[in-house]
Amino acid sequence: MFFAARLPQTRAGYAIILGLLAALGPLCTDLYLPALPDVSQTLHITASSAQLSLTASLLGLGVGQIFFGPLSDRWGRLNTLLLSLFIMIVASIACAMSLSITQLVCARLIQGIAGAGGIVLSRAIARDQYRGSDLTQFFALLMMVNGVAPILAPVLGGGLLMVVNWRGIFAVLALISVFLFLFSHLQVKESLPKESRSPGGLSNSIKAMGLLLKHRQFMGLCLTQGFIIAGMFAYIAASSFVLQDIYHLTAQQFSYCFAVNGLGLVIAAQIAAKLSLRHGEWAILKTSLILAISAATLLFLISFTHPSLWLVLPVLFITITVNSMIGTTGTALAMRVVPSSSGGGASALIGLAMFGLGAVSSPISGLGGSSLMSMTRTIFGCYLIAFITFIVLAGWKTRTR
């Protein structure tokens, strides 16, 4: 049978397993992006109100990591993972049955909290297994596997909308969660032995995570990634309205554009990993940040000119895909400075910064109505803060190999 034998415990085998688990959270976000206008019409709410369901999911993805990260340091990775997947199944069903925006937002918050488990644990398990440059290479491989989700999810979501409504999309997410629960139970093995776990209760694990807040370089790298990802989530929240309502693309055409940017994220991660072997992660991270702020500035400036779609898409492509170069190198550097016993807590803080700030940037991108200007100014603002944060906290001249 398919589940009878474990996947090979090679780097590629682990990347496939962890990539599928890490992709569940983004899948919950991206799969129903083409359905946001449909949600707005069905529940008779504004576009900004519909985006609250996305905001709730992102907030849950951040907050949930604060829970699942320290819990996995104390309780082990596998049991914690199975708990998160069970909650995901229940929450997805609740989303499908929601009759109002209030019910949907509450269910999406719980769904986001559950989805955080796969994200935080995939990084923690990788930290358990790999060190140094091997960890960077693995994160790039993980990004490649995980990158399939943003590429396929909007396309699949657009296709699903041809046969089901937005409720059906959440039913599909419930089925995917059931599959991953069975897959994890039979394929994933514990990576944190009992002797390496955090002593004491969950409160001690949270205290240990609190010590990381005082680590200047770690927090600099953590917040830099958080603000960069916040810019990408502003794009995620607003792009369906901008491209469909303003540039009049169909849901399927929007999903293709979204998929191209997703493919760029995968390719950029591999480029970052290869270049890091020669030049080091720190140099690639700084170069990527310069590219990010330059592209975001250009995107913001052209939004004043009412540009054509064919000018917006290439600049947007560069602005978004550079995220994975920063994520690959920044995550590896941040996780490298912490001990394995604090890997779950460190991963949780990185995730909280990403999704917590993303939850804030998403509704901001829709303030004043959905427009190219509102989306691009939010992206630019997030990237600018990330650039300044890196200089102030991480230190531009710091060298870490």
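Predicted model: local features only at pLDDT ≥ 70, side-chain atom pairs only at ≥ 80, totals over all residues.
Two packed helices are described by the angle between their axes and the distance between the axes. In the present model, helix α10, which spans residues 216-246, packs with helix α15, which spans residues 372-395, at an angle of about 175°, and their axes lie 8 Å apart. Because angles over 145 degrees count as roughly antiparallel, α10 and α15 are therefore roughly antiparallel to each other. When the residues in the contact of α10 with α15 are sorted by class, 22 are nonpolar, 6 are polar and 1 is charged.

The largest nonpolar core contains 112 residues, and the residues with the most contacts inside this core are F218, Y235 and Y383. Helix α10 supplies the largest share of the core, namely 18 residues. If residues up to four places away in sequence are not counted, Y383 touches F227, I228, G231, A292, I293, A296, T319, I320 and N323.

The aromatic pairs number 6. In one of them, the ring centres of F300 and F304 are 5.2 Å apart and the planes stand at 75°, so this pair is edge-to-face. F300 also forms a stacked pair with F380, in which the distance is 5.2 Å centre to centre and the angle between the planes is 5°. Since F300 lies in helix α12 (residues 281-302) and F380 in helix α15, the pair ties together parts that are 80 residues apart in sequence. Through such ring pairs, F300, F304 and F380 are linked into a cluster. With a relative accessibility of 19%, F300 counts as buried, because buried means under 20%, and F380 is buried as well.

Technical notes: Residues numbered from 1 in each chain as written. Heavy atoms only, no water. Axes fitted to C-alpha atoms, helices over the stretch in contact; angles between N-to-C directions. Helix = DSSP H or I, 4+ residues; strand = E, 2+ residues; numbered from the N terminus. Parallel < 35°, antiparallel > 145°, perpendicular 65-115°, else oblique. Nonpolar A, V, L, I, M, F, W, Y, C, P; charged D, E, K, R; others polar. Core = buried A, V, L, I, M, F, W, Y, C linked by side-chain atoms within 4.5 Å. Buried < 20%, exposed > 50% of the residue type's maximum accessible area, 1.4 Å probe, protein only. Contact = heavy atoms within 4.5 Å. Phe/Tyr/Trp six-rings, centres within 6.5 Å; stacked < 30°, edge-to-face > 60°.
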